[in-house]
Amino acid sequence: MAAVIDHSRAPVEQPRVPVAGRARRARGARPRPNLLGGLGGWLWLVVIVVPIYYIVIGSFKSQTGYFDSNPLLPTPEPTLENYATVLDNGFFRYLANSAVVTAGAVVPAVLLAFMAAYPIVRSRSRVAGLANSMFLMGLALPLQATIVPIYLIIGELGLYDTLLGLVLPAIAFALPVTVLILSNFMRDIPRELFESMYVDGATNWTILWRLVLPMTRPALTTVAIYNALGVWNGFLFPLILTQSDEQRVLPLSLWSFQGEYSVNVPAILASVVLSTLPLVVVYVIGRRQLVSGLTAGFNR
Amino acid sequence: MTAATAARPSVARVAAPSAWYAAPAAAFFLVFAVLPVGALVVLSFTSWDGLSAIAFDGGESWRSVLTSEVTLAALGVTGKIMLFSFLVQAPASLLLGTFTAGRQRYRAVLAVLYFLPLLLSSAAVALAFKALLDPNFGIGTASGLDVLRQDWLGNSDLVLFVVVFVIAWQFVPFHTLIYQGGVRQIPRSLYEAAEIDGAGRVRQFFAITLPQLKYTIITSSTLMVVGSLTYFDLVFVLTAGGPGYATRLLPLHMYLTGFQANEMGAASAIGVLLVLLGLGLALVVQRLGGRDRAASEMEGA
């Protein structure tokens with residue numbers, strides 16, 4: 001701020017110097033490389049990458065080889081037997097369960113939040129304001145605190161140990177942040193677009209699907225991926241709401257796999273790799289979308 | 001409200017979508033989030049083992065929770081992890097966010113890699129670190145450095161910091177993203193002006209970046225602080241609260257009380273504590289930030 005005010009003291013130079021500055025930047029000649037920043041950046045990379053590297057190379061070691069070798073060096077005799085062990089132990093069922101729960105929670109959550117964000121942004125009614133406050137309040141609630149009543153409610157509904165029992169609370173818990181991000185995006189749709197559609201005789205319902213939907217599509221993708229990450233990796237609710245092997249989801253399967261194969265570290269590492277692979281694929285495909293959407297969504 | 005509507009008649013006439021559009025979402029949230037919070041309060045005054053009938057116990061659950069040393073210890077552990085996590089994560093993600101906001105190509109590549117921990121589930125992260133920190137077959141042996149040859153998860157003086165580190169490893173990437181977006185929204189002209197005035201990089205950071213990021217800092221801090229009340233799966237798989245009670249966080253204490261000791265009433269009382277803490281902390285963070293974020297969101301509507 002101070003810099004801006006100081007700046008006004010030199011009105012004569014003002015028009016000329018910024019242009020020169022821009023030209024210099026355009027040639028890519030930065031005044032001084034940020035050594036400290038770069039060092040910190042590379043250091044953090046090491047912190048991030050070492051555990052991931054360790055997981056991946058460890059998953060290719062034989063069980064005896066793992067205990068003999070240096071854990072941070074790749075093995076000369078890589079093996080796929082750990083992956084075979086994981087795949088033989090119900091991996092595809094857990095994968096399918098996770099996919100069902102994730103899709104079953106994310107699609108309705110994003111749809112409901114999309115419809116809710118519309119009046120929250122465009123209507124000035126008290127009810128819409130109330131709904132908005134409720135969802136904002138939901139952001140500050142540690143919803144995991146409600147595991148006991150959720151366990152009770154799901155049990156009373158006869159949904160204990162079912163995938164639907166996992167889906168319903170997941171939808172509710174995804175709503176606050178989804179509504180927040182979507183309404184932030186909707187606020188940026190120019191008012192003139194609504195007016196012109198209205199003049200053409202469109203109803204609010206039509207406007208919602210013909211104008212608001214295409215305009216918020218990037219945000220919809222972002223929140224969908226964001227919520228999918230959360231549901232896919234969710235652990236606590238599967239832990240308290242399911243028990244049978246048939247209804248087990250991936251993160252829980254990692255934990256029970258560890259209980260069963262506690263000495264077979266390479267197999268545990270292979271299960272970690274396999275359970276993460278689907279998200280890596282999603283990340284590779286949707287990275288730009290996710291990252292740009294997230295950074296914008298939380299910065300209003 | 002009315003004044004604003006009168007001032008902009010066209011808005012009111014063109015777009016007044018019925019609040020009914022929000023009804024399905026609101027209904028879902030009421031049934032599976034608001035109702036459970038209410039039920040939580042009621043259940044905290046009952047005794048229930050999870051199977052038999054629920055009976056009111058006249059505050060016995062509360063008495064047992066509030067007088068239990070384990071609860072006090074869990075509150076202490078939660079407070080410590082919250083504080084240390086914040087002290088580690090907030091500066092780290094702020095600096096990394098500012099760093100990755102730069103347009104250099106190597107920084108873009110680094111930003112892609114920084115994101116990777118977000119793809120792993122907490123259970124996966126916990127299992128990986130459990131193996132990596134094994135005193136016999138983990139990183140201590142691998143590196144040959146005696147400093148790293150510790151019983152990381154078995155030493156009750158160390159384990160808390162290990163948990164803080166693993167939590168940071170998992171969550172700093174997310175907050176880095178938030179800050180990266182925040183920094184990129186700061187107008188270039190501010191930095192250009194500062195450059196002309198001869199302000200160095202550090203000065204620019206403190207005079208422009210930091211104040212401009214005020215609301216990003218509030219958002220990120222709220223998520224961080226309230227989020228630290230939800231660390232469950234990571235600690236559950238990594239240490240199960242041990243050794244002893246050294247990493248028994250409040251949510252973990254709630255789970256173990258309710259679903260392993262079968263004291264659902266007491267677990268609900270702990271749940272109420274968690275909700276109160278969450279709301280209280282969110283309020284404090286936003287007041288510290290000098291403006292009520294919730295109110296500003298609504299003004300923006």
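Me: Which residues of helix 14 of chain A are buried?

Reply: They are A:L250, A:P251, A:L252, A:S253, A:L254, A:W255, A:F257 and A:Q258. A residue is buried if 20 or more other C-beta atoms lie within 10 Å of its own, exposed if 12 or fewer, and partly exposed in between, with C-beta atoms placed from the backbone. Helices here are DSSP runs of H or I with at least four residues, strands are runs of E with at least two, and both are numbered from the N terminus. As background, this is a predicted model in which local features need pLDDT of at least 70 and side-chain atom pairs count only at pLDDT 80 or more, while totals for chains, interfaces and linings use all residues. Residues are numbered from 1 along each chain as its sequence is written, and chains are lettered from A and ligands numbered from 1 in the order in which they are written.

Me: Why is helix 14 of chain A called largely enclosed?

Reply: Eight of the 11 residues in this helix (residues 250–260) are buried, so the rest of the structure largely encloses it.

Me: What makes A:A105 count as buried?

Reply: A:A105 has 26 C-beta neighbours inside 10 Å, so it counts as buried; the cut-off is 20 or more. A:A105 sits in helix 6 (residues 91–122) of chain A. Leaving aside neighbours within four places in sequence, A:A105 is in contact with A:V167, A:A170, A:I171, A:A174 and A:V231. Contact means that the two C-beta atoms, placed from the backbone, lie within 7 Å.

Me: And why does B:L113 count as partly exposed?

Reply: B:L113 has 14 C-beta neighbours inside 10 Å, so it counts as partly exposed. B:L113 belongs to helix 6 of chain B. Not counting residues up to four places away in sequence, B:L113 touches A:L45, A:I48 and A:V49.

Me: Why are helix 5 of chain B and helix 6 of chain B called oblique?

Reply: The axes of helix 5 (residues 69–101) and helix 6 (residues 105–114) of chain B come within 8 Å and cross at roughly 135°. Angles under 35 degrees count as roughly parallel, over 145 as roughly antiparallel, 65 to 115 as roughly perpendicular and the rest as oblique. The two helices of chain B are therefore oblique to each other. The contact is made by B:L96, B:F99 and B:T100 of helix 5 and B:R107, B:L110, B:A111 and B:Y114 of helix 6 of chain B.

Me: Which residues touch the most other members of the largest nonpolar core?

Reply: Of its 170 residues, A:A113, A:A116, A:L175 and B:A25 do. Such a core is a set of buried Ala, Val, Leu, Ile, Met, Phe, Trp, Tyr and Cys residues joined through C-beta atoms within 7 Å. Helix 9 (residues 163–186) of chain A gives the largest share of this core, 16 residues. B:A25 touches A:L112, A:A113, A:M115, A:A116, A:L175 and A:V179, not counting residues up to four places away in sequence.

Me: How many residues does each chain bring to the contact?

Reply: Chain B brings 97 residues and chain A brings 100 residues. On the side of chain B that touches chain A, helix 3 (residues 23–43) of chain B supplies the largest share, 12 residues.

Me: What is the helix content of residues 99–121 of chain A?

Reply: That span is 100% helix and 0% strand, and its end C-alpha atoms lie 32 Å apart.

How values were computed:
Axes are lines fitted to C-alpha atoms, for helices over the stretch in contact, and angles run from 0 to 180 degrees between N-to-C directions.
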